[in-house]
Amino acid sequence: MGNRCAVIGVGQTRYQTRRRDVSIAGLVREAALRALEDAGLTFKDIDAVVIGKAPDLFEGVMMPEAYLADALGAAGKPMTRVHTAGSVGGSTALVGASLIQGGVHDRVLVVAFEKQSESNATWALSTHLPFNASLVVGAGGYFAPHIREYMRRSAAPDHIGTLVAVKDRQNALKNPYAHLRIPGINRQMVESTPMLWEPIRYLETCPSSDGACAMVLASEDKVTGTPAWVHGTAMRSEPMARADRDTVSPQAGKDCAADVYRQAGITDPRREIDVAEVYVPFSWYEPMWLENLGFAPEGEGWKLTEAGSTALDGDIPWNASGGVLSSNPIGASGLIRFAEAAQQVRGMAGEHQVDGARTALGHAYGGGAQFFAMWIVGAQKP
Amino acid sequence: MREVAVIAFAQTEHTDHDEGLTDFELIHPVIQEVKERSGLSRFGFTCSGSCDYLAGAPFSFVSALDALGAWPPISESHVEMDAAWALYEAWVRLQHGDVDSALVYGFGKSSMGDLREIMTLQLDPYYLAPLGLDQVSFAALQASAYGAGRAELDEIVRRSRADGRNNPRALDLDDPSGEEFAVQPLRPYDVAPITDGAAAIVLAAGDLARELAERPAWITGIAHRIEPHYLGMRDLTRSPSAEAAGRAAGVGKGPVDVAELHAQFSHEELILREALELPAETVVNPSGGPLAANPVMATGLIRIGEAAARILDGGAGRTVAHATSGPCLQHNLVTVLEA
């Protein structure tokens with residue numbers, strides 16, 4: 001794991017459908033300045049910048065780090081662009097942390113963004129390399145069959161997805177940055193929305209958001225303010241085309257969790273983790289990841305959701321911020337999970353703070369549920 | 001810092017046309033080759049560099065993962081940059097001390113589209129891209145600002161192409177000739193050729209490197225710097241980011257037998273020689289360099305591979321590799337390798 005690393009600043013933009021008032025540069029700079037302000041630092045104090053986002057086709061800007069170097073105060077410094085599909089926000093945090101854990105830098109600014117209003121993400125996700133038949137439209141078309149298989153295996157009742165959709169949007173009402181804030185959100189409202197990809201209804205999917213998130217990471221010597229200490233970091237990838245791969249509960253997710261738990265000394269995640277920010281872009285992924293991440297035995301994740309255990313007042317709150325279901329600037333969505341986990345253990349999550357949170361999990365996944373990035377942060381120095 | 005070395009390098013026989021290979025088919029042989037050369041079949045960390053805009057589809061690196069045999073699942077990451085930056089990320093990861101080996105690879109098929117126009121998309125989308133200036137026009141602005149002599153540029157291209165003809169992996173290109181301009185003052189032969197290809201490198205730390213390679217190419221310095229994007233804010237006659245990266249990597253701390261420079265236009269070699277303060281006796285781009293083969297997204301990694309190969313094969317004691325990204329040498333990475 002190398003040297004100790006801590007989050008000392010977090011900055012987010014308000015997530016919304018269109019940020020017409022700012023350019024892409026203005027958007028990332030807004031998040032970066034807020035993170036620096038939180039850390040009590042300026043761009044001058046930063047040694048290196050790491051930026052992440054999902055496919056460049058989303059905005060039509062290739063390798064945008066070249067253009068964004070100026071807005072992020074990176075001139076004269078090292079700058080790196082990370083891209084690991086939907087998990088990229090999480091990977092961006094890990095690449096930034098790695099620079100500190102490896103002893104290369106003392107203060108690193110990590111930023112991730114998406115400005116989905118600049119193009120059409122569903123279109124950008126539906127083009128394929130020549131000679132590959134495109135049988136699905138968008139991410140929902142790809143993941144719906146995996147969800148149906150989960151429902152078949154676990155015999156989960158049909159309404160579990162609805163419960164997650166309601167719970168995460170109730171949490172979002174307490175998060176001033178959240179995109180979807182729907183007063184009076186309830187099951188009936190979710191169930192009355194159109195079916196997009198059986199069994200995923202409109203309100204069981206994530207929105208398309210503009211937004212950026214930033215963090216300042218520091219080595220032990222340079223910690224200022226209230227730190228969230230990094231207790232474990234891990235990435236795992238598995239191939240898309242392996243015939244016997246279990247796409248419902250991917251091995252890469254299990255291995256990644258095992259690695260990060262081992263580093264943080266966690267043997268029982270349900271009991272030892274106080275709050276988790278987990279990448280749930282479609283409601284049913286909460287019970288699926290509850291099992292994949294070891295919070296529930298196989299086939300029983302949905303029972304935790306149904307019992308209210310993952311609600312803000314449950315024994316293991318998941319996505320207290322409202323999660324990806326409430327805000328989804330794709331490339332930033334993973335970094336937001338990591339940042340919200342840090343805010344919880346810093347005690348700075350605001351109205352959606354989980355009382356006494358000391359240990360938190362940040363999680364992101366991407367590709368065909370084949371790329372995973374995770375970290376454990378804690379209030380105490382590891 | 002922890003001792004880390006290049007212990008194996010492989011690259012495709014680069015082509016100037018589409019051979020009909022998928023990314024998977026392009027990458028798979030070089031991955032197999034570095035696995036055999038290094039004697040490793042699993043790695044502590046894997047990182048790659050590629051660009052969706054070359055493939056014309058999102059997530060081009062996803063199918064590339066199928067080439068690795070990534071099962072059981074691997075610890076892996078990807079940069080949407082030249083794979084030289086993937087090597088940098090892997091080098092950083094090896095500094096943690098808990099893993100001892102890393103696989104790095106990069107690939108690109110620039111034959112599939114109009115590279116000059118595609119590169120325009122990496123400019124500021126609001127103020128620069130709409131002007132429609134393509135990659136060669138940008139480079140020509142820098143060549144004009146620098147004011148290189150025609151005879152000097154011709155000699156760089158002649159030498160690069162001659163070296164390229166002696167390199168079985170590079171393209172076979174004739175000696176430069178012709179009076180026409182691509183964009184004044186650059187002639188077509190001053191511009192790196194359209195190339196498809198891939199490359200892979202294995203890094204190993206400390207004792208593992210000594211065990212697996214007779215003469216590991218130790219990375220004694222590696223650093224990168226970016227500079228402002230807007231040409232109006234830069235002095236195009238020099239490369240301050242390459243200067244700073246070169247100093248941070250310690251280029252000047254010893255002799256430089258060989259330098260492999262990521263010069264995609266002949267005049268860039270002159271700017272980079274000055275920025276890195278290379279001694280006159282340094283042999284530049286004995287592989288032929290990018291002017292003889294430029295598989296975009298792998299070209300920078302190949303510079304590190306070629307500079308390391310000179311050490312692995314006993315031909316040199318201390319070499320320098322340079323990689324670049326962004327318009328007009330905006331972003332530069334410098335690696336120093338020693339026997």
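1. Of the 382 residues of chain A, 64% count as buried, where buried means that 20 or more other C-beta atoms, placed from the backbone, lie within 10 Å of the residue's own. This is a predicted model, in which local features need pLDDT of at least 70, side-chain atom pairs count only at pLDDT 80 or more, and totals for chains, interfaces and linings use all residues. Residues are numbered from 1 along each chain as its sequence is written, while chains are lettered from A and ligands numbered from 1 in the order in which they are written.

2. Chain A has 13 helices and 11 strands; these are DSSP runs numbered from the N terminus, helices being H or I with at least four residues and strands E with at least two. The C-alpha trace of chain A spans about 55 × 45 × 45 Å along its principal axes.

3. A compact globule of 382 residues would have a radius of gyration near 21 Å, and the 19 Å of chain A agrees with this. The radius is taken over C-alpha atoms, and the globule rule is 2.2 Å times the number of residues to the power 0.38.

4. Chain B is divided into domain 1 (4-113 + 194-212) and domain 2 (115-192 + 218-338), with bounds from an automatic or database domain assignment. The centres of these domains of chain B, taken over C-alpha atoms, are separated by 21 Å.

Key
Buried ≥ 20, exposed ≤ 12 C-beta atoms within 10 Å, placed from the backbone.
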